[in-house]
Amino acid sequence: MSDLIIHDDGVYVGLPMHDYLADPALGSSSIKKLAANPPDAMWERPGNPLWDEPESQARALGTLIHVAVLDGIKAFDAQFTCEPDRAAYPGALETNDDLKNWMRENGVKPLTGAKAELIERIKASGLVEPPIWADIVAQTIGGRTAISAKADRYVRLVQSLVSTAPDMAALFSGGLAEVSLFWTIEHNGKRIRCKARPDYLRADGIADLKKFGQAPRFGRDLQSHLQSEAANYGYPVQAVWHLRGLAALHDAPMVSASSQALCDLTAELVMAPGERGFTWVFVRTPGAPCAMALDFARADAFGNPDPAWEHAESVIAKALDNYVEYSTRFGDGLWLRVEPRRPCASHCWPLWMQSEDNAEITV
């Protein structure tokens with residue numbers, strides 16, 4: 001586990017994701033964990049030597065799509081490239097057996113040693129140098145990360161889907177991608193460091209790229225499906241938390257950026273007047289191309305409060321209460337939760353078990 005990095009309050013442009021994640025300030029993921037089960041927030045924080053988050057295939061694909069959509073296809077090409085097609089180089093020497101067979105046919109000895117030694121011996125033989133697969137891969141990839149041709153095609157398909165839809169393309173232009181926000185609040189007498197990293201910051205608000213894997217069930221419309229996804233994964237909590245960060249840094253943002261022009265643009269975006277909006281851009285990943293943008297606000301056009309927003313506010317309040325309680329009890333060590341013994345409660349069973357129709361079910 002890498003060392004912790006503590007950032008001063010302010011706005012950071014171009015901060016590496018690694019450095020952002022290494023800061024133990026509370027982000028929206030921590031807030032959701034604190035509200036549900038506080039020990040998880042401390043267990044999965046940076047600096048815990050007992051835990052390291054695995055990289056899943058779905059998360060890796062999501063990262064590729066974020067780069068292509070938020071930073072553009074040129075930035076994507078600068079970071080990633082397809083693995084070379086092995087079939088296009090039929091004579092290339094790849095395995096130890098390939099290398100040894102070539103050496104045997106050309107009288108190059110000895111035939112012992114590691115692969116690197118065999119390659120060095122072939123190159124030092126003075127004979128016509130055969131194509132070495134490792135060299136082909138290195139020349140093709142350069143300093144970039146190799147991905148499969150299938151993943152590359154899919155990422156480009158999703159990026160094209162978003163960039164060619166006028167409403168969606170506008171959400172990812174005229175602003176900055178992945179700006180890091182750090183601020184400090186006081187809650188119940190305790191100072192708490194907070195952080196957020198909006199996907200895309202514009203003067204009128206935030207656009208957040210979300211992926212969904214399952215298609216809507218038969219008979220259910222896409223919007224209902226996506227709002228259900230948002231509720232299940234706590235996306236409203238993240239939205240409200242990010243907007244809180246912007247509000248906290250509105251008056252005097254301390255900007256860290258690579259140029260004065262970038263500093264000026266960032267300050268302009270952060271200090272823009274008026275209430276900010278928040279838009280989710282959902283893209284189907286993986287699966288058939290499908291995308292939809294949904295605006296999330298405190299109230300609708302008629303002034304009716306959105307229950308998801310109010311729920312997010314209550315979740316954040318509970319999370320901060322739990323943080324104060326557990327950090328006071330356990331400090332920076334591991335947090336423990338052991339609840340008292342109690343009987344099963346009928347209302348805690350899933351709804352299908354509480355239904356009267358359940359009596360007719362036989363096993």
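In this predicted model, the count of aromatic pairs comes to 16. One of them joins Y326 and W335, whose rings sit 5.7 Å apart, centre to centre, with 35° between their planes. An angle of 35° makes this pair tilted, because the planes would have to be under 30 degrees apart to count as stacked and over 60 to count as edge-to-face. Both partners, Y326 and W335, are buried. Aromatic residues also come together in a group: F212, Y233, Y235, F278, W280, F282, F296 and W309 form one aromatic cluster.

Two packed helices are described by the angle between their axes and the distance between the axes. Helix 6 covers residues 96-105 and helix 7 covers residues 115-123. Their axes lie 10 Å apart and meet at an angle of about 30°. Angles under 35 degrees count as roughly parallel, and helix 6 and helix 7 are therefore roughly parallel to each other. The crossing of helix 6 past helix 7 is left-handed. On the side of helix 6, the contact is made by N96, L99, K100, W102 and M103; helix 7 contributes K115, L118, I119, R121 and I122. Sorted by class, this contact has six nonpolar residues, three charged ones and one polar one.

Leaving aside residues up to four places away in sequence, V315 touches A35 and V237. How far is V315 from G143, in sequence and in space? The two are 172 residues apart in sequence, and 43 Å separate them in space, C-alpha to C-alpha.

The other residue, H187, is found in strand 5, which runs over residues 180-187. Is H187 buried or exposed? With 17% relative accessibility, H187 counts as buried, because this value also falls under 20%. Again not counting residues up to four places away in sequence, H187 touches I192, A317, L320, D321 and V324.

Note on methods. Residues numbered from 1 in each chain as written. Predicted model: local features only at pLDDT ≥ 70, side-chain atom pairs only at ≥ 80, totals over all residues. Heavy atoms only, no water. Axes fitted to C-alpha atoms, helices over the stretch in contact; angles between N-to-C directions. Helix = DSSP H or I, 4+ residues; strand = E, 2+ residues; numbered from the N terminus. Parallel < 35°, antiparallel > 145°, perpendicular 65-115°, else oblique. Left-handed = near helix turned anticlockwise from the far one by under 90°. Contact = heavy atoms within 4.5 Å. Nonpolar A, V, L, I, M, F, W, Y, C, P; charged D, E, K, R; others polar. Phe/Tyr/Trp six-rings, centres within 6.5 Å; stacked < 30°, edge-to-face > 60°. Buried < 20%, exposed > 50% of the residue type's maximum accessible area, 1.4 Å probe, protein only.
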